[in-house]
Amino acid sequence: MVHRRKLLLSVGLVGLLSGAFVLTAALADDRDRDRDRDRDRDRDRDREMSFTRMFPDLPPFAPQTDGVRDQAKKLGEKGGLIDALDLLSDPVLSITNPAVFSPNNPDNPNMTAGMTFLGQFLDHDITFDPNSPLLEKANPRKTTNFRTPRFDLDSVYGGGPERSPELYDRSSGDIKLRVEVIPGAEQFSRNGAVRFDLPRDPGTLTALLGDRRNDENVVISQLHVAMLRFHNAVTDRLRADPANAGDSAEQIFREARRQVRWHYQWIILHEFLPLTIGQERVDDIVQRGTRFYRFDRENPLMPIEFSVGAYRFGHSQIRPSYRLNFGRPDMGHNPFIVFLFDDAQDPNDPDPLDLRGGKRAPRRFVDWQTFFNFGDGNFRPNKLIDAKLSSVVMLLPGSRGPAPALPSDGVTSLASRNLMRHVNFGIPSGQAIARRMGLPAMTPAQLSALAPFDMERSTPLWLYILKEAELMESGLRLGPVGGRIVGEVFIGLLKADDTSYLSARPRWTPVLPSATPGDFRMTDLLTFAGMVPPLN
């Protein structure tokens, strides 16, 4: 068996989301405990971790045969039942006139576009299965999860400064994360602001980061940059505090990493989850505990019903096109508005007219005012959670050449890939899980569009959850089955991790500057990280 630590590092490099801090004796004790826990968790990382089942006694939604897999692939094909059939002739009009260009793909007024990518970033922090084949059966217990099932930002920190030195910069005397400037970006940026990118190999532009998927599109790569700069800003703040004058670089690093993790976990519990599953479901799970996700604190495995099924709800929220930034009209540069993916683009173009990753060019940076609500009216919403996917993800780039971090096995529809994995892993139907939860299952009449595929009575969990959100929550958030699975896994992972704030100090509140003292949101993180230069 290949040593898991080496696998974790190699996967990360192939192709490569107020108030003054005063150091008290209690915090110093916590920091020592963190160091001991880090050593223990390093040993955990050396163990191969597999996936598990949340409902091990429920049968697969359908037989695990080539015929069913072919049906699943057909159901998810471009132009089929799940395709929103967006009119992809103009990325600008796709945003400004959705009634004409995306009549089957309405906006979600309750969520901004950035939540889609934050959700993607969270997924990349807790689960990664790069090896299970798409065209044959798979066993969760024999499938390695290359991410630790904790919200610990191992996708950012890798194996730490000693194991992943290529991710770190010690030139200041402190231990910071490497970030690089985008040459020439100030010519495209309001006020001539400097913009930043992931560290990259100078010859190939391969990103050096803990999870190669965080460079599959510009928005997720820029969100990763924000987390790198967030850590560095926290480091600078700690170093500037006279109370820390005698602390070593290693001590400052450990404290900065903990503050970064805890503020990140706060955002998960107090912003992302309430928007995604509803505050009442969050409160119920926090107060009463999990009912269906039974986790072992020593080894909290990742349920396949979550990773392959429920958590892929975010695929329905993707917009066809995005305004990446506002450009710089005074320099003759218009806002950069393009489709997320466009397979017609030349894969060798250093600055293609889509948002695929693996590129560095002056205009490939994000103005976050488009993606989150900073109170200036510039943000865009994401799409409803429903049984339709934007047409841009029904044909992922790759037919004209390899695209960073995107599939190379010939199945280019994201919907088909999701459904085929349901067959491979033998995931139970949404109806069976609803009944196990004591909930009324959706009826065949509600799912009648699936009758030609013989899936209206036993529906793949992912598709069931999308339809449940559409019918029961008007697409604004997840429904009872999807919300319960996502909420229990998220909160269960936080409670299982003895270094998370929810486990170690559940009454803790954020200490970094924010618009609302004692709270901390994505807008606060991006502002503190220096990722939001003024537009005027």
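Guide: Arg 360 has a relative accessibility of 22%, so it counts as partly exposed. Buried means under 20% relative accessible area and exposed over 50%, with partly exposed in between (1.4 Å probe, protein chains only). The model is predicted, so local features need pLDDT of at least 70 and side-chain atom pairs count only at pLDDT 80 or more, while totals for chains, interfaces and linings use all residues. Residues are numbered from 1 along each chain as its sequence is written, and side-chain values use heavy atoms, with hydrogens and water left out.

The partner of Arg 360 is Asp 197: their side chains meet in a salt bridge of 2.8 Å, N to O. Arg 360 lies in the loop between β9 (336-339) and β10 (381-383), and Asp 197 in strand β6, so the pair ties together parts that are 163 residues apart in sequence. Helices (H or I, at least four residues) and strands (E, at least two) are DSSP runs, numbered from the N terminus. A salt bridge here is a side-chain nitrogen of Lys or Arg within 4 Å of a carboxyl oxygen of Asp or Glu. Asp 197 counts as buried because its relative accessibility is 3%. Both residues belong to a network of salt bridges that also links Arg 178, Glu 180, Arg 200 and Asp 215. In the whole structure, the count comes to 28 salt bridges.

The C-alpha of Ala 361 is 7.6 Å from that of Ala 185, although the two are 176 residues apart in sequence. Ala 185 lies in the loop between β5 (180-181) and β6 (196-197), and Ala 185 is buried, with a relative accessible area of 0%. Leaving aside residues up to four places away in sequence, Ala 185 touches Ala 193, Arg 195, Pro 362 and Phe 365; contact means heavy atoms within 4.5 Å.

Another salt bridge joins Glu 473 to Arg 281, with the closest N and O atoms 3.2 Å apart. Glu 473 lies in the loop between α15 (461-472) and α16, and Arg 281 in helix α11, so this pair ties together parts 192 residues apart in sequence. Both Glu 473 and Arg 281 are buried.

Helix α11 covers residues 279-288, and its buried residues are Arg 281, Val 282 and Ile 285. Down the axis of α11 these fall within an arc of 100 degrees, so they line one face of the helix; the arc is that of the directions from the helix axis to the C-beta atoms. Gln 287 and Arg 288, on the other side of α11, are exposed. The cover over the buried residues of α11 includes α10 (249-277) and α16 (480-496). After α11 comes Gly 289, with a positive phi near 85 degrees.

Asp 330 is exposed, at a relative accessible area of 56%, whereas Arg 328 is buried, at 15%.
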